[in-house]
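Have a look at the model below before reading on. The notes after it go through the fold, the ring pairs and one of the pockets.

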Amino acid sequence: MTLDELILKCKKQDIKAQGALYKRYSGILFSICLRYSPNKTEAEDNLQDAFLTIFKKIEQYKGKGSFEGWIKRVTVNTVLQKYRKQRVYNIEDEAQIEQEDDVSVDTETVPLDYLLKIIQELPDRYRLVFTMYVMDDYSHKEIADLLGISDGTSKSNLARARAILKNKIDNYNP
């Protein structure tokens with residue numbers, strides 16, 4: 001079955017098509033959920049919520065642009081909406097923003113699973129901003145708009161996330 005046929009059947013609430021769509025994209029979307037979630041269990045919950053939203057809003061996909069891009073955006077927005085409701089953001093004093101350092105990591109000495117673990121351990125407000133800025137290339141303005149915070153808070157939370165991660169990487173001892 002082609003992707004277009006699959007989408008059409010999902011728009012008609014076909015359960016088999018929804019299952020096929022889930023099977024096709026769950027791995028990709030789960031990796032996004034893992035980046036935004038504090039642990040695997042919450043990532044699994046976020047994945048389920050994302051697919052419920054995708055199936056509910058699939059009528060809105062009009063075939064313009066990449067379907068994969070559309071479902072990724074729906075997934076990110078679904079996860080962000082959950083955290084926005086939890087109000088996990090502190091208003092930070094922009095004068096306290098530390099200089100952003102580019103932290104480079106040698107993945108041969110620090111395993112990727114450790115990096116994911118320490119990112120997931122970040123407080124929600126830091127993890128979300130870090131993931132959006134570093135991994136998904138959102139600008140501070142876009143992050144601020146999506147999370148309902150100021151640009152300065154986004155910059156501050158990113159600086160704090162980087163400082164925490166740098167400290168944990170510097171102290172990494174396998």
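## The overall layout

Keep in mind that this is a predicted model. Of its 174 residues, 42% count as buried.

How far apart in sequence are the residues that touch? Taking contacts between residues at least 6 apart in sequence, 69% join residues at least 24 apart.

## Aromatic pairs

A pair of aromatic rings is described by two things, the distance of the centres and the angle of the planes. The count for this model comes to seven aromatic pairs. One of them is Tyr25 with Phe67, at 5.8 Å centre to centre and with 65 degrees between the planes. That pair is edge-to-face, because the angle is over 60 degrees. It also ties together distant parts of the chain: Tyr25 belongs to helix α2 (residues 15-36) and Phe67 to helix α4 (residues 67-85), 42 residues apart.

Another pair is Tyr114 with Tyr172, whose ring centres are 4.5 Å apart. Their planes are at 45 degrees, so this pair is tilted. Here again distant parts of the chain are linked, 58 residues apart: Tyr114 is in helix α5 (residues 112-120), while Tyr172 is in the segment after α8 (151-170). The two partners fall on either side of the 20% cut-off for buried: Tyr114 counts as buried at 19%, whereas Tyr172 counts as partly exposed at 22%.

## A ring cluster and a charge over a ring

Tyr25 and Phe67 turn up again in a cluster, where ring pairs link them with Tyr61 and Trp70.

There is also a charge to look for: the charged end of Arg125 sits over the ring of Tyr126, 4.8 Å from the ring centre.

## The second largest pocket

The second largest pocket has a volume of about 170 Å³. Which helix gives the most to its lining? That is α4, with six residues. Both α3 (40-57) and α4 supply at least two residues each.

Trp70, from the ring cluster, is one of the lining residues, and others include Thr53, Lys56, Lys57, Gln60 and Arg84. By type, the lining divides into two nonpolar, five polar and three charged residues.

Thr75 is found in helix α4. Its relative accessibility is 0%, so Thr75 counts as buried. Leaving aside neighbours within four places in sequence, Thr75 is in contact with Leu29, Ile32, Cys33, Ala50 and Ile54.

Thr78 is in helix α4 as well, and Thr78 is among the residues that line the second largest pocket. Is Thr78 buried or exposed? At 12% relative accessibility, Thr78 counts as buried. Not counting residues up to four places away in sequence, Thr78 touches Asp49, Ala50 and Thr53.

Technical notes. Residues numbered from 1 in each chain as written. Predicted model: local features only at pLDDT ≥ 70, side-chain atom pairs only at ≥ 80, totals over all residues. Heavy atoms only, no water. Phe/Tyr/Trp six-rings, centres within 6.5 Å; stacked < 30°, edge-to-face > 60°. Helix = DSSP H or I, 4+ residues; strand = E, 2+ residues; numbered from the N terminus. Buried < 20%, exposed > 50% of the residue type's maximum accessible area, 1.4 Å probe, protein only. Lys NZ or Arg CZ within 6 Å of the ring centre and 35° of its normal. 1 Å grid on protein atoms, 1.4 Å probe; cavity = no way out; pocket = protein on both sides within 12 Å on 5 of 7 lines; lining within 4 Å. Points joined across faces, edges and corners; volume = space filled by probe spheres on them. Nonpolar A, V, L, I, M, F, W, Y, C, P; charged D, E, K, R; others polar. Contact = heavy atoms within 4.5 Å.
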